[in-house]
Amino acid sequence: MSTRICKMLGIKYPVFQGGMAWVATAELAAAVSNGGGLGIIAAGGAPAEAVREQIKKCRALTDKPFGVNVMLMSPFADEVMQVIIEEKPAVVATGAGNPGKYMEALKNAGIKVCPVVASVAMAKKMEKDGADAVIAEGTEAGGHIGELTTMVLVPQVADAVDIPVIAAGGFADKRGMVAAMALGAEGIQVGTRFICSDECIAHDNYKQAVIKAKDRDAVVTGRSTGAPVRALKNKLTREYIRLEKEGASAEEIEQLGVGGLRRAFMDGDTQTGSLMAGQSAAMVDKIEPCADIIKSYFEDIDAILADIADKLQIN
Ligand code: TUI
C-alpha cells in the first residue's frame, strides 16, 4: 500500500507517529521510522538545544526519514524552529497554532511542512501558505484538541485542499485506517497506540493506564480556559473539573496542570500526573514493537474491503 504521502516522504507505510510531548522521544521516532512509518520527535515545551540533541540521537538510530513536531504554544518555538532549519529533519509537523511565519524558512531549507489543523479554514490557509500536507486532527485525539470529530473534519478538509490529508484522532486499528481512506485521507497519524510500544520510554504505569482505559475514560479538561486537553480520568482531571465548575481563575486551573506530563511520563504518577491519551486508548490492549503496530494497520486489508463489498452487496 502506498499513497502520495509515501512517495513525497520516501516512507513505506502512510503512518505518522503523533508528536506527543515527553512521549515522542528520539527512541520512539527512530523505531517508527525503522518500522516503515514516519517517526516524529516532539519538541513539546523543551528548549532548543535539547531538541537538537534529540534530532542527533534519532539520526544515530535510523537512516530513514523522520520529523519533528513543534508545539507552537511553547515559549521556545522560535529557537526550536531555528535549530530545525539548521538540522534539517525531513519533516516538520506543528501543533496548537499557526506556523505561517516559519513556512518560508522551512521550505527554503528543504523541509516538508505538515501542520496539524482542527478546522477547514486553517487547512485552506496552510495550503495557501505552502504546506506540503495537513494533519486533520479530530477531537478524539489526546492532548490539546479542537472541537470537530475526525469523522466530519477529515472529509471536509479533503474536499477543501489538494495537498494530501493525514487523518488523526481515534486510529487504533486497521478498520479505522480503511475508514480514513474512505473519508479522503491519504494517511493516518497514530499517537495513543504508540505509547504502548516497546520502544516508548514512558513509565510503565502510564502504558498500563492506557491499556486499562475503557470507552469513556479519556476526558476533556480546560474547555473553560480555552485550552481543552484530553487525558485519562484520574485525581488530576477530577480536580480540574471541580475547579472549572467552581469558576476558579484560569491561572489557578492552569497551575494544577504544571508538570503534569512529567509526573505521568517520568514518575509513573497515575493520580496527579497528566495521562494525555486519546479516546482510542480503550482499543489498545497490549505493548508491542513499533514495527508490529505499523504492520497491523495493513494486514489482511482485503478481508475488510471484501466484507464491505459483501455488506453492500456489490458484485
Ligand atoms: O498540539 C496538539 N496536541 C498537544 S500539544 C500538547 S502540549 C500541552 N501541554 C499542556 C497543556 C497544553 C498543551 C499536548 N497535546 N495537537 C495538535 C493540534 N493543533 N490540535 C489542535 C490544534 C490546533 C488548534 C487550533 C491547530 C491550529 C489551531 O489554530 C490556530 C490558529 O491560529 O487559528
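Predicted model: local features only at pLDDT ≥ 70, side-chain atom pairs only at ≥ 80, totals over all residues.
1. Three strands form an open sheet, and their order is β7-β11-β10. The pairing in this sheet is antiparallel. Strands β7 (143-144) and β10 (218-221) are at the edges and have a single partner strand each, so one side of each has no neighbour in the sheet.

2. The pair β10 and β11. Strand β11 covers residues 229-232 and is joined to β10 by 4 bridges. The two strands run antiparallel.

3. Helix α11, made of residues 235-245, lies across β10 and β11. Its direction makes an angle of about 35° with β10.

4. Val161. This residue sits in the loop that links α7 (150-160) and β8 (165-168). Is Val161 buried or exposed? Its relative accessibility is 5%, and the cut-off for buried is under 20%, so Val161 counts as buried. Leaving aside residues up to four places away in sequence, Val161 touches Ala123, Lys124, Glu127 and Val134. Between Val161 and Glu239 there are 41 Å in space, taken from C-alpha to C-alpha, and the two are 78 residues apart in sequence.

5. Glu288. The loop between α13 (260-265) and α14 (290-296) holds Glu288. With a relative accessibility of 11%, Glu288 also counts as buried. Which side chain makes a polar contact with that of Glu288? The partner is Arg193, at 2.8 Å. Arg193 is also among the residues that Glu288 touches, when residues up to four places away in sequence are not counted.

6. Residues around the ligand. How many residues surround the ligand? There are 13, and the closest are Ala96, Val116, Glu137, Gly143 and His144. Strand β7, an edge strand of the sheet in point 1, spans 143-144.

7. Polar atoms at the ligand. A polar backbone atom of Ala96 is 2.9 Å from a nitrogen atom of the ligand. For His144, a polar backbone atom is likewise 2.9 Å from a ligand nitrogen atom. Glu137 uses its side chain: a polar atom there lies 3.1 Å from a nitrogen atom of the ligand. Taken alone, the ligand exposes 720 Å², and 69% of that is buried by the protein.

How values were computed:
Residues numbered from 1 in each chain as written. Heavy atoms only, no water. Pairing = 2+ DSSP bridges. Contact = heavy atoms within 4.5 Å. Axes fitted to C-alpha atoms, helices over the stretch in contact; angles between N-to-C directions. Buried < 20%, exposed > 50% of the residue type's maximum accessible area, 1.4 Å probe, protein only. Polar contact = N/O pair within 3.5 Å; in protein donor to acceptor, adjacent residues only side chain to side chain. Near = heavy atom within 4 Å. Areas by Shrake-Rupley, 256 points an atom, 1.4 Å probe, with all protein chains shown as cover.
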